[in-house]
Amino acid sequence: MILCPIDFSPVTTALIRLAAGLARAESTDLVLLHVEPSENPTSSAAAMAALLTEPALAGLAVRTVVQTGCAARQILHFAAAQAAGLIVLGAHGATGLTRFLVGSTAESVLRGAACPTLLFTVKPTE
């Protein structure tokens, strides 16, 4: 199973397409995981359902999951509990004070994952 954590940022579609291509090549399932920092699963569940219309997902076994809590912790826990074979993760390229204050979910997942992790990095265009 390939785990693809998403945050509905501008890189989400590209990330899903990459993960879908890898899942198709490996003939495996794909799980799209979104972690909310607070309880608001209704709006996230609707947004996750909308992602399933992405043409790259056609014909794949895809499951969507919404959880709440610390993103890095939840991603690592889910990957371990579900025995993910690969995590396909997006990063925004945050630097400086922002990264210092909020940390990097991608960095935490890279350091803590027991399975291979592919990091897809996109710098902000602003």
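Buried means under 20% relative accessible area, exposed means over 50%, and partly exposed is what lies in between. Keep those cut-offs handy as you click through this predicted model.

**Stop one: arginine 17.** Select arginine 17, which is partly exposed at a relative accessible area of 47%. Glutamate 54 has a relative accessibility of 14%, so it counts as buried.

**Stop two: helix α5.** Jump to glutamate 107 and arginine 111, whose side chains meet in a salt bridge (3.0 Å, N to O). Both are in helix α5 (residues 105–112), four residues apart, so about one helical turn separates them. Glutamate 107 is partly exposed at 26% relative accessibility, and arginine 111 is exposed at 68%. With that you've visited the model's two salt bridges.

Most residues other than glycine have a negative phi. Select phenylalanine 8: it isn't a glycine, yet its phi is positive, at about 65 degrees. You'll find phenylalanine 8 in the loop between β1 (2–6) and α1, partly exposed with a relative accessible area of 31%.

Last, pick alanine 83, another non-glycine residue with a positive phi, near 55 degrees. Alanine 83 lies in the loop between α3 (71–81) and β4 (86–91), and at 60% relative accessible area it is exposed.

Definitions and conventions
Residues are numbered from 1 along each chain as its sequence is written. This is a predicted model: local features need pLDDT of at least 70, side-chain atom pairs count only at pLDDT 80 or more; totals for chains, interfaces and linings use all residues. Side-chain values use heavy atoms; hydrogens and water are left out. A salt bridge is a side-chain nitrogen of Lys or Arg within 4 Å of a carboxyl oxygen of Asp or Glu. Buried means under 20% relative accessible area, exposed over 50%, partly exposed in between (1.4 Å probe, protein chains only). Helices (H or I, at least four residues) and strands (E, at least two) are DSSP runs, numbered from the N terminus.
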